[in-house]
Amino acid sequence: MVVRAFVTVSVKEGCFDSFMEALEEALPPIREEPGNLRFDAFISEDQANTVVIFEEWKDHGSITEHLATSHMKRLLARTEGQLVGPAQANHVRPLKGNA
């Protein structure tokens, strides 16, 4: 079953550029993961220092594998202490009739 989520990340003042550099470095290997169907990051125009990521994974196992990859461990280490709080995941499913 495909797993979809919007993940909101609030970055501390003064850390945004460093966070974005680390995230942009991690994007290519994340997108190459076998279970990844989509991983797109967006900068919020409404909330300062906020990034929203839309993720689609083949299944829950793919997410578990994703979190254990060296590039995710590196991303988490590089951005430690830069977030206002934990990332907020909002898992979603399409409405009937959506593609």
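Among contacts (heavy atoms within 4.5 Å) in the protein chain between residues at least 6 apart in sequence, 71% join residues at least 24 apart. This is a predicted model, in which local features need pLDDT of at least 70 and side-chain atom pairs count only at pLDDT 80 or more, while totals for chains, interfaces and linings use all residues. Residues are numbered from 1 along each chain as its sequence is written, and side-chain values use heavy atoms, with hydrogens and water left out.

**Overall form**

- The protein chain holds three helices and four strands; these are DSSP runs numbered from the N terminus, with at least four residues (H or I) for a helix and at least two (E) for a strand.
- Along the sequence, the elements of the protein chain follow the pattern β-α-β-β-α-α-β.
- The radius of gyration, taken over C-alpha atoms, is 14 Å for the protein chain, close to the 13 Å that the globule rule gives for 99 residues, so the chain is as compact as a globular protein of that length. The globule rule is 2.2 Å times the number of residues to the power 0.38.
- Taken along the principal axes, the C-alpha atoms of the protein chain fill a box of roughly 40 × 30 × 20 Å.
- Of the 99 residues, 36% count as buried, a term that means under 20% relative accessible area, whereas exposed means over 50% and partly exposed lies in between (1.4 Å probe, protein chains only).
- The protein chain exposes about 6600 Å², of which carbon and sulfur atoms supply 53%; accessible areas come from the Shrake-Rupley method with a 1.4 Å probe, and for residues only the protein chains shown count as cover.

**Strand E3 and its partners**

- Strand E3 (residues 50–57) pairs with E2 in the antiparallel sense over seven bridges; two strands pair if DSSP finds at least two bridges between them.
- Within this pairing, Phe39 stands opposite Glu55 in E3, and Ile43 has Val51 of E3 as its bridge partner.
- E1 and E3 also run antiparallel, joined by eight bridges; here Val3 has Trp57 of E3 as its bridge partner.
- Seven of the eight residues of E3 are buried, so E3 is largely enclosed by the rest of the structure.

**The turn at Asn49**

- E2 and E3 form a hairpin with six residues between them, and Asn49 is found in that loop.
- Phi of Asn49 is near 55 degrees, a positive value in a residue other than glycine.
- The side chain of Asn49 makes a polar contact with the side chain of Glu13 (3.2 Å); a polar contact is a pair of N or O atoms within 3.5 Å, where within protein one must be able to donate a hydrogen and the other to accept it, and residues adjacent in sequence count only if both atoms are side-chain atoms.
- Not counting residues up to four places away in sequence, Asn49 touches Val9, Ser10, Val11, Glu13 and Phe16.

**The nonpolar core**

- A nonpolar core is a set of buried Ala, Val, Leu, Ile, Met, Phe, Trp, Tyr and Cys residues joined through side-chain atoms within 4.5 Å. The largest one has 21 residues, of which Phe19, Leu23 and Val51 touch the most other members.
- Strand E1 (3–10), H1, E3 and helix H3 (70–78) each supply at least two residues of this core, and H1 gives the largest share, eight residues.
- Leaving aside residues up to four places away in sequence, Leu23 touches Ala41, Val51, Ile53 and Leu75.

**Two buried polar sites**

- Glu33 lies in the loop between helix H1 (16–31) and strand E2 (36–43), and Glu33 is buried, with a relative accessible area of 9%.
- The side chain of Glu33 makes a polar contact with the side chain of His71 (2.7 Å). Beyond residues up to four places away in sequence, Glu33 touches Trp57, His66, Thr69 and His71.
- Glu33 and Glu65 are 32 residues apart in sequence, and their C-alpha atoms are 8.9 Å apart in space.
- Ser62, in helix H2 (residues 60–67), counts as buried at 6% relative accessibility.
- Apart from neighbours within four places in sequence, Ser62 is in contact with Gly35 and Trp57.
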